[in-house]
Amino acid sequence: VLFRRVVDAFITAAREKVGSTAKEYSHDPEAFQEAKTQRAEVERELAERRESLVEWCQISYGEAFSLWMHVCMVRIFVESILRYGL
C-alpha cells in the first residue's frame, strides 16, 4: 500500500534497484469469484485424474511385476540349459 504521490517513484526504484516489475492492483470481486470457481473446477478435475492414475498404476504394477518374474524365470531356464545342457 502506497500513497499516490510515491507510486511512480516506487515503481522506478523497484525496476532499477531490485530488477522486478511492480504493477498497480485493482480488486474486482467478480473476477475473484470467477477465478475461485475456475480453480475449484480445476482442482476437482485434478482429483479425478489423480484417482484414475492411481488405479491404473496399481493394476499396471501387478502386471509388470508378474511379467518381470516370468522374464527372470526364462533367463534362469536359458542359463541352466546353456550351462548344463539338456
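## Tour from an exposed tyrosine

Select Tyr61 to begin. Its relative accessibility is 59%, so Tyr61 counts as exposed; the cut-off for that label is over 50%. Keep in mind that this is a predicted model.

Phe65 is partly exposed, with a relative accessible area of 44%. Tyr61 and Phe65 sit 4 residues apart in helix α2, which means about one helical turn separates them.

Now show both side chains. Searching the whole structure turns up 1 aromatic pair. It is formed by Tyr61 and Phe65: their ring centres are 6.2 Å apart and their planes meet at 25°, so the pair is stacked.

Step past the helix to Gly85, which follows α2 and has a positive phi, near 80°.

Zoom out to the whole protein. It has 2 helices and 0 strands. Its C-alpha atoms fill a box of roughly 95 × 35 × 10 Å along the principal axes. The radius of gyration is 31 Å, whereas a compact globule of 86 residues would have one near 12 Å.

The accessible area is about 8,800 Å², with 61% belonging to carbon and sulfur atoms.

Finally, colour by charge. There are 12 positive and 14 negative side chains. The centres of these two sets lie 9 Å apart.

Terms used
Residues numbered from 1 in each chain as written. Predicted model: local features only at pLDDT ≥ 70, side-chain atom pairs only at ≥ 80, totals over all residues. Heavy atoms only, no water. Rg over C-alpha atoms; globule rule 2.2 N^0.38 Å. Areas by Shrake-Rupley, 256 points an atom, 1.4 Å probe, with all protein chains shown as cover. Lys, Arg positive; Asp, Glu negative; His and termini not counted. Charge placed at Lys NZ, Arg CZ, Asp CG, Glu CD. Phe/Tyr/Trp six-rings, centres within 6.5 Å; stacked < 30°, edge-to-face > 60°. Buried < 20%, exposed > 50% of the residue type's maximum accessible area, 1.4 Å probe, protein only.
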